Amino acid sequence: DKREFIASIDEWQGAVAGAAIRHRIEKSEAGVTTVIACYDFPNNDMLMHETFAIADDRITASTQKALAESCAAY
């Protein structure tokens, strides 16, 4: 829930220290934006496919799917 998410932010900030996120928009239409994202962590990386529903300039829903355990295809 929302409280759990907010409580986890400090842990998330520690987990992503030294990381970088690269992304490119694949498509954006009818309030839905799809991106390919590379999460570059200091010891590993991961390629993700992410979809965001947007209304009134806010993300109202999102889905993530791992594409690969490296960003070689990015």
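Tutor: Start with a term: a helix here is a DSSP run of H or I with at least four residues, and helices are numbered from the N terminus. Keep in mind that this is a predicted model.

Student: What makes residues 2-15 a helix, and where does Ile 6 sit?
Tutor: A helix needs a DSSP run of at least four residues.

Student: How many helices and strands does the protein have, and what pattern do they follow?
Tutor: There is 1 helix, and there are 4 strands. Along the sequence the order reads α-β-β-β-β.

Student: Why is Ile 6 called partly exposed?
Tutor: Its relative accessible area is 48%. Buried means under 20%, and exposed means over 50%. The value for Ile 6 falls in between, so the label is partly exposed.

Student: What makes Phe 5, Ile 6 and Ile 9 a nonpolar surface patch?
Tutor: Patch residues need over 30% relative accessible area, and nonpolar side chains are joined within 5 Å. Ile 6, at 48%, passes the area cut-off, so it can take part. With Phe 5 and Ile 9, Ile 6 makes a patch of about 290 Å².

Student: How many salt bridges are there, and which residues form one?
Tutor: The count is 1 salt bridge. Asp 40 pairs with Arg 22, and their closest N and O atoms are 2.9 Å apart.

Student: Why is that pair called a salt bridge?
Tutor: The rule asks for a side-chain nitrogen of Lys or Arg within 4 Å of a carboxyl oxygen of Asp or Glu. Arg 22 and Asp 40 are at 2.9 Å, so the pair qualifies. Asp 40 is in strand E2 (residues 32-40) and Arg 22 is in strand E1 (residues 20-29), so the bridge ties together parts 18 residues apart in sequence. As for the general idea, side chains of opposite charge can pair when their charged atoms come close.

Student: Is Arg 22 buried, partly exposed or exposed?
Tutor: Partly exposed, because its relative accessibility is 36%. That lies between the 20% and 50% cut-offs.

Student: What are the charge counts for the protein?
Tutor: There are 7 positive and 12 negative side chains. The centres of the two sets lie 4 Å apart.

Student: Why is Ala 30 called exposed?
Tutor: Its relative accessible area is 81%. Exposed means over 50%, so Ala 30 qualifies. Ala 30 sits in the loop between E1 and E2.

Student: What is phi for Ala 30, and what is it for Asp 56?
Tutor: Ala 30 has a positive phi of about 50 degrees, although it is not a glycine. Phi of Asp 56 is near 50 degrees, also positive in a residue other than glycine. For context, most residues other than glycine have a negative phi.

Student: Where is Asp 56, and what makes it exposed?
Tutor: Asp 56 is in the loop between strand E3 (45-55) and E4. At 75% relative accessibility it is over 50%, so it counts as exposed.

Student: Which residues does Ala 66 contact, beyond neighbours within four places in sequence?
Tutor: Met 46, Leu 47 and Met 48. Contact means heavy atoms within 4.5 Å. Ala 66 belongs to strand E4 (residues 58-68). Its relative accessible area of 47% makes it partly exposed.

Student: Which residues does Thr 51 contact under that same exclusion?
Tutor: Val 32, Thr 33, Thr 34, Ala 61, Ser 62 and Thr 63. Thr 51 itself is in strand E3.

Definitions and conventions:
Residues numbered from 1 in each chain as written. Predicted model: local features only at pLDDT ≥ 70, side-chain atom pairs only at ≥ 80, totals over all residues. Heavy atoms only, no water. Patch = residues over 30% accessible without salt bridge, like charges linked within 9 Å, V, L, I, M, F, W, Y side chains within 5 Å. Areas by Shrake-Rupley, 256 points an atom, 1.4 Å probe, with all protein chains shown as cover. Buried < 20%, exposed > 50% of the residue type's maximum accessible area, 1.4 Å probe, protein only. Helix = DSSP H or I, 4+ residues; strand = E, 2+ residues; numbered from the N terminus. Lys, Arg positive; Asp, Glu negative; His and termini not counted. Charge placed at Lys NZ, Arg CZ, Asp CG, Glu CD.
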